[in-house]
Protein chains: 2
Amino acid sequence: YSVGILDADIHGPCVPKMLGMEGQRLRVGPVGAFPAVGPLGMNVVSMEFLLGSKEVPVIWRGPLKMIAIRQFLSEIAWGDLDYLLIDLPPGTGDEPLSVMQLLPEMDGVVIVTIPSEVSQIVVGKAITFSRQLEVPVIGIIENMSGFVCPECGAETNIFKTGGGKKISEELEVPFLGRIPLDPRICEDSDRGLPFILEHSDSPAAEAFMEIVEKIEAYIKEKDKLKRQPPDASNNK
Amino acid sequence: YSVGILDADIHGPCVPKMLGMEGQRLRVGPVGAFPAVGPLGMNVVSMEFLLGSKEVPVIWRGPLKMIAIRQFLSEIAWGDLDYLLIDLPPGTGDEPLSVMQLLPEMDGVVIVTIPSEVSQIVVGKAITFSRQLEVPVIGIIENMSGFVCPECGAETNIFKTGGGKKISEELEVPFLGRIPLDPRICEDSDRGLPFILEHSDSPAAEAFMEIVEKIEAYIKEKDKLKRQPPDASNNK
């Protein structure tokens with residue numbers, strides 16, 4: 001697959017650090033700017049690539065963020081992508097609103113949460129938000145779901161468990177899976193290495209890959225329906 | 001102390017749930033609206049108290065959020081408070097910008113982070129942001145700092161450790177302390193009970209109370225300087 005990542009968290013762009021791409025810049029050519037190239041050939045665009053230093057904050061109100069996101073989508077030579085993944089900050093603020101208004105035809109959104117009930121308040125709002133903007137919800141991922149002590153093997157649900165599944169049933173949205181806590185996720189991210197490649201045999205990476213397969217299947221199914229000629233779907 | 005809490009996270013208001021105040025509304029009187037009253041007599045205002053249901057999202061761009069925060073600060077009969085705590089969403093977006101512009105005389109900001117390097121990017125930006133807006137940084141708290149297995153007592157640094165202290169030294173900001181992970185924090189928050197009262201003898205609550213003392217000392221010292229007549233400070 002040819003994959004692009006747009007880090008649309010304007011105030012807290014973390015994708016470059018997690019992919020080991022700190023200090024990179026966008027390459028500018030005659031037809032626009034080109035994404036930076038990260039691990040596995042991924043095309044990556046982030047506000048961080050436009051700032052001079054990692055300590056510089058972006059002090060912008062919402063409408064300016066809309067303009068930046070529009071430019072990231074329209075004036076970057078993304079190339080021929082199979083997937084464009086857009087990483088958004090939590091909540092239902094300017095960034096998701098801009099993305100959904102600018103890309104109404106997108107395949108859908110994936111909501112990542114921790115299991116606690118407190119977090120489910122924001123998840124419920126995000127689902128209602130997506131429905132109001134008529135963007136499909138592909139599903140919910142419960143991240144940081146359980147921790148197995150590396151010393152004794154005892155499992156502790158540090159942020160409880162089951163909140164993601166519960167709200168997915170309540171609001172009739174698919175549940176994509178649970179990813180457990182693993183200290184190596186944080187270590188690899190800080191080192192800029194993709195955890196699922198570095199520790200592909202870990203339970204967290206296996207849970208992650210199962211989720212990826214579900215999302216892939218959803219998009220393939222959707223593509224198939226899109227390609228069907230109108231009369232074929234009428235005859236169904 | 002008489003304490004007010006303004007939950008200024010417009011898109012993900014979590015304070016009502018964590019204080020067991022779900023479903024409450026602001027009381028409206030002839031001179032304005034009154035805060036809802038929570039545990040220990042705290043006066044609490046949150047966007048959640050204005051919405052009809054917990055699944056309703058607030059689909060607003062930045063400038064509308066500025067108006068809401070201004071109204072929360074100016075048109076709520078807060079009463080005679082010793083402390084007004086304003087809970088902000090992560091990052092340097094519209095909410096912190098609005099609060100700092102509307103309350104330039106505030107005592108300062110406390111930045112809460114997890115230990116990982118990835119998080120420190122956002123912390124660095126928040127410190128620069130506060131300095132540019134000329135609001136003092138009281139200090140940094142490293143939350144989710146280490147986890148002790150309740151079965152075997154082994155400590156695992158799930159999100160690494162030391163990131164908060166490191167950046168506080170780099171950017172010359174006080175370090176207020178580390179709060180370890182404890183599953184009971186999540187459980188109590190979901191039940192709407194203050195963890196530091198429910199489990200006051202836990203290491204996390206003790207770490208929390210040490211931090212509170214440091215913040216209290218900072219504000220008392222600042223108050224003393226403010227009350228000193230100008231000639232007294234000149235003679236020093």
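Mentor: Before we start, one term: a salt bridge is a side-chain nitrogen of Lys or Arg within 4 Å of a carboxyl oxygen of Asp or Glu. Keep in mind, too, that this is a predicted model.

Trainee: Where does chain A get divided, by the way?

Mentor: Domain 1 covers 1-91 and domain 2 covers 107-228. Their centres, taken over C-alpha atoms, are 23 Å apart. Nine residues of domain 1 and 10 residues of domain 2 take part in the contact.

Trainee: And how much area do domain 1 and domain 2 of chain A bury between them?

Mentor: About 720 Å², with 63% of it on carbon and sulfur atoms.

Trainee: Which residues in domain 1 of chain A lose the most area to domain 2?

Mentor: Lys17(A), Met18(A) and Tyr83(A), which together make up 51% of what the domain 1 side buries. By class, the domain 1 side that touches domain 2 has six nonpolar, two polar and one charged residues.

Trainee: OK, switching to the two chains. How many residues of chain A are in contact with chain B?

Mentor: 58 residues of chain A, in contact with 58 residues of chain B. The two chains bury about 4800 Å² between them, and 66% of that is on carbon and sulfur atoms.

Trainee: What's the salt bridge count between chain A and chain B?

Mentor: Here the count is 10. For example, Asp94(A) forms a salt bridge with Lys65(B), with the closest N and O atoms 3.4 Å apart. There are also 29 residue pairs in polar contact across the interface of chain A and chain B, both residues at pLDDT 80 or more.

Trainee: Which elements of chain A give two or more residues to the side that touches chain B?

Mentor: Helix 1 (15-18), helix 2 (62-74), helix 3 (94-102), helix 4 (117-132) and helix 6 (183-191). Helix 4 gives the most, with nine residues.

Trainee: What's on that side of chain A by class?

Mentor: The side that touches chain B has 28 nonpolar, 16 polar and 14 charged residues.

Methods: Residues are numbered from 1 along each chain as its sequence is written. Chains are lettered from A and ligands numbered from 1 in the order in which they are written. This is a predicted model: local features need pLDDT of at least 70, side-chain atom pairs count only at pLDDT 80 or more; totals for chains, interfaces and linings use all residues. Side-chain values use heavy atoms; hydrogens and water are left out. Contact means heavy atoms within 4.5 Å. Buried area is the accessible area (1.4 Å probe) that two parts lose on being put together, summed over both. A polar contact is a pair of N or O atoms within 3.5 Å; within protein, one must be able to donate a hydrogen and the other to accept it, and residues adjacent in sequence count only if both atoms are side-chain atoms. Helices (H or I, at least four residues) and strands (E, at least two) are DSSP runs, numbered from the N terminus. Ala, Val, Leu, Ile, Met, Phe, Trp, Tyr, Cys and Pro count as nonpolar, Asp, Glu, Lys and Arg as charged, and the others, Gly among them, as polar. Domain bounds come from an automatic or database domain assignment.
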